[in-house]
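Visitor: Could you take one part of this model and go through it closely, strand by strand, and then say how the rest of the fold is packed?

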Amino acid sequence: MNSTARRDQTLGRRRQACLKKIVSALLLLVALPILLGVQRPPGLSDVDDVRTWSYADYTRVVIEVSGDVSLPEIGLVRLPANIQAGRPERLYLDIPDLWVGRRYESGIEVGDGLLKAVRLGQNTLRTTRLVLDLERYDHHRLFVLPSPARIVVDVYGERGAKSRIADEESGRLPAGLRRVHTVVVDAGHGGRDPGAVGVGDLREKDVNLTIARSLKKALLSRGFEVIMTRERDLTLTLEERTAVAESSGGDVFISIHANASEQKRARGIEVYTLDANHERHSLEVAARENGVPAARLDPLQRALAELQVGEVGAHSERLAAFVHDEVMRGVRERDQTLPDLGVKKGPFYVLFMSSMSSVLVETGFVTNKKDAKMLRSPLYQNMLGEKIALGVDRYRDQMEMGLARTEGGK
Ligand SMILES: [Zn+2]
């Protein structure tokens, strides 16, 4: 057999194998609904992934879906335990226009003392039912995050005798009764997400990381323990970022960012805490930092409006005031003209997802020539790190004075 004939034969065999594959794929496609026992209606989103994170105070369940979801007004429904049927107390949620099939029918074990398991099943042809089997329950929060779309449920345990012991064992007390010791430093963006790109291609992710590093150094020298959400140029999801913060048992969360504007003249520093405020500028900054269009922030703002930001919110505002005060003092020593954009509130996901006192610092505009030049300078980066740390230090002092008063008053 000459080489051409041999090649033809090989090609023929390959074609045959390829054809076989196509046929079996087609067969599977036809058989799949039969295997699943139901016919999948068109136009539904899919459940892509289900993940859970266990923390001292709560368990987070994240359901990633392939398209937009809208949740029913009623939210999660609580069902009492059914001892006869051997079912624990549980929460359920019917999610319309979502397909899950039988993939998670047997459930995902959690068993962390708060949640027994997470189950997902096709309740009707167009509805997926999420069931959370509970062990301890106090309250929950439910919200939807975009790009990629995901449903987030945080389940908090009851504040009974049991959980107080658990708190003491883990050293985890409510924010107002905790010493300020561990600081989580979050360098915004990273990896595939450069953040804002400004003058001379100055990338926000790089600016954020260098300032975060100098902040870490300054905090360590003041006796704080420091946890970084990223130490290098790394892509992190919002959940990964907050998982680092929450599982480290941090007391304070500081997210470092740099600003950007279409107005090349815009410059200055601003410090944010979390709020559902509708201030136009905050909304634009939040939209950019969250990586979604401003219009998409509506559901988050609604969710925020329903939540009691409460004690943690008040602590965050105090922290923001100290950080802002110190940073502005440092900045003015170098540049009298740098605008003070103040302490503001905005709907930032990264602050929303954290359960500790949290602020977001916009360290300057990468899109402004003067700001960009300063942001590149190691002297300026160090000064910012030093001043933010000083702000955290003042916050620690004030919190501990409050603690001393509480303990003295016993
Ligand atoms: Zn940013």
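Guide: R119 stands opposite V131 in strand 8, and this pair belongs to the antiparallel pairing of strand 7 and strand 8, which extends over 8 bridges. The model is a predicted one, in which local features need pLDDT of at least 70 and side-chain atom pairs count only at pLDDT 80 or more, whereas totals for chains, interfaces and linings use all residues. Residues are numbered from 1 along each chain as its sequence is written. Strands (E, at least two residues) and helices (H or I, at least four) are DSSP runs numbered from the N terminus, and two strands pair if DSSP finds at least two bridges between them.

Strand 7 covers residues 115–124 and strand 8 covers residues 127–134; a hairpin with 2 residues between them connects the two. On its other pairing, strand 7 is joined to strand 6 by 2 antiparallel bridges, with A117 in strand 7 as the bridge partner of E109. The hairpin of strand 6 and strand 7 has 5 residues between the strands, and there G111 adopts a positive phi near 55 degrees. Strand 8 is also joined to strand 4 (residues 90–96), by 7 bridges and again antiparallel, and I95 faces T128 of strand 8.

Leaving aside residues up to four places away in sequence, I254 touches V183, V185, D186, L215, V359, V361 and I388, a contact being two C-beta atoms, placed from the backbone, within 7 Å.

Helix 3 (residues 204–221) has 18 residues and spans 26 Å from first to last C-alpha, close to the expected 26 Å, which is 1.5 Å times one less than its number of residues. Because 13 of its 18 residues are buried, helix 3 is largely enclosed by the rest of the structure; buried requires 20 or more other C-beta atoms, placed from the backbone, within 10 Å of the residue's own, exposed means 12 or fewer, and partly exposed lies in between. Just after helix 3, G223 takes a positive phi of about 85 degrees.
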